[in-house]
Amino acid sequence: MIDSKNLKIVQMTEDSLKFFENNILDFDEFWSYKLLKQELENENSTCLVAYLDDKVVGFACLWEPPFEIHINNIAVKKDYRNQKIGTFILEELIKIAKEKNKEEMTLEVNVNNIYAIKLYKKYNFEVVGTRKKYYNNTDDAFIMTKKII
Ligand SMILES: CC(C)(COP(=O)(O)OP(=O)(O)OC[C@H]1O[C@@H](n2cnc3c(N)ncnc32)[C@H](O)[C@@H]1OP(=O)(O)O)[C@@H](O)C(=O)NCCC(=O)NCCS
């Protein structure tokens with residue numbers, strides 16, 4: 001298990017974005033570099049990068065509509081999973097939501113994504129609805145929310 005003291009979570013920059021150009025699929029096989037670039041360029045979106053020592057081990061993107069933080073994605077590099085990096089990233093996002101006095105956090109997650117759902121439930125996200133065939137017109141998504149205030 002990694003020590004959170006060795007993990008640094010910082011804002012993604014144009015420079016750190018480049019790291020993902022040829023290996024985004026090692027983090028999330030359903031994302032693309034183009035999508036991540038669009039997120040970084042979207043003024044309503046914030047993307048973060050997680051470094052373990054000097055290695056990039058994860059990223060997250062969130063949107064900030066009024067009153068809420070919407071988690072667009074949390075992804076951990078495949079060979080670093082199940083070592084609590086996802087947990088530390090989510091804790092950072094919750095910290096951001098609290099600092100910004102947001103009322104709730106929301107996200108969509110594939111109903112078959114058991115580890116992600118386990119992670120979110122651990123932090124009291126609740127399933128509040130389902131979007132049918134949300135992913136590639138096949139898999140359903142749970143809508144999950146967590147009250148901050
Ligand atoms: C979801 C994801 C971010 C979790 O990251 P992670 O660093 O592996 O998460 P953690 O190590 O903090 O584990 C979270 C929980 O899932 C469980 N888990 C994760 N991987 C596991 C595995 N391979 N086997 C058993 N349990 C596992 C952990 O036990 C933990 O629960 P616990 O704290 O009660 O023990 C990661 O699997 C990922 O990047 N998936 C692809 C992208 C994705 O689907 N993101 C979610 C989009 S909404």
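His70 is buried, with a relative accessible area of 9%, where buried means under 20% relative accessible area, exposed over 50% and partly exposed in between, using a 1.4 Å probe and the protein chains only. The residue is found in strand S4, and its side chain makes a polar contact of 2.7 Å with the side chain of Thr106. A polar contact is a pair of N or O atoms within 3.5 Å; within protein, one must be able to donate a hydrogen and the other to accept it, and residues adjacent in sequence count only if both atoms are side-chain atoms. Strands (E, at least two residues) and helices (H or I, at least four) are DSSP runs, numbered from the N terminus.

Ala75 also lies in strand S4 and is buried, with a relative accessible area of 3%. Ala75 and Asn137 are 62 residues apart in sequence, and their C-alpha atoms are 22 Å apart in space.

## Basis of the model

The model is predicted, and local features need pLDDT of at least 70, while side-chain atom pairs count only at pLDDT 80 or more and totals for chains, interfaces and linings use all residues. Residues are numbered from 1 along each chain as its sequence is written, and side-chain values use heavy atoms, with hydrogens and water left out.

## The surroundings of the ligand

The ligand sits in the largest pocket. On a 1 Å grid over the protein atoms alone, a pocket is an open set of points with protein on both sides within 12 Å along at least five of seven lines, whereas a cavity is a set of points where a 1.4 Å probe fits but cannot get out; lining residues have an atom within 4 Å of a point. A molecule sits in a pocket or cavity if more than half of its atoms lie within 2 Å of its grid points.

Around the ligand there are 22 residues, of which the closest are Ile74, Asn82, Thr87, Asn113 and Lys122; a residue is near a molecule if one of its heavy atoms lies within 4 Å of it. The shell around the ligand divides into 10 nonpolar, 6 polar and 6 charged residues, where Ala, Val, Leu, Ile, Met, Phe, Trp, Tyr, Cys and Pro count as nonpolar, Asp, Glu, Lys and Arg as charged, and the others, Gly among them, as polar. Strand S4 (68–76), helix H3 (85–99), strand S5 (104–110) and helix H4 (114–122) each supply at least two residues of this shell, and the largest share, 6 residues, comes from H4.

## Contacts with ligand oxygen atoms

A polar side-chain atom of Thr87 lies 2.4 Å from an oxygen atom of the ligand, and an N or O atom in the side chain of Lys122 is 2.5 Å from an oxygen atom of the ligand. For Val76 the backbone is involved, with an N or O atom 2.7 Å from an oxygen atom of the ligand. Taken alone the ligand exposes 930 Å², and the protein buries 79% of that, the accessible areas coming from the Shrake-Rupley method with a 1.4 Å probe and, for residues, with only the protein chains shown counted as cover.

Thr87 has its place in helix H3 and is buried, with a relative accessible area of 9%. Thr87 and Leu119 are 32 residues apart in sequence, while their C-alpha atoms are 6.7 Å apart in space.

## Two residues with positive phi

Most residues other than glycine have a negative phi. Asn101, however, has a phi near 55 degrees; it lies in the loop between H3 and S5 and counts as exposed, at 60% relative accessibility. Lys133 likewise has a positive phi, near 50 degrees, and lies in strand S6 (residues 126–135).

## Other buried positions

Ser16 has its place in helix H1 (residues 14–18) and counts as buried at 11% relative accessibility, with a polar atom of its side chain 2.7 Å from the backbone nitrogen of Thr13. Val109, in strand S5, is buried with a relative accessible area of 4%, and its C-alpha atom is separated by 25 Å from that of Ile2, 107 residues apart along the chain.

Ile148 is placed in the segment after strand S7 (139–147), and at 18% relative accessibility it counts as buried. Ile148 and Lys122 are 26 residues apart in sequence and 15 Å apart in space, C-alpha to C-alpha.
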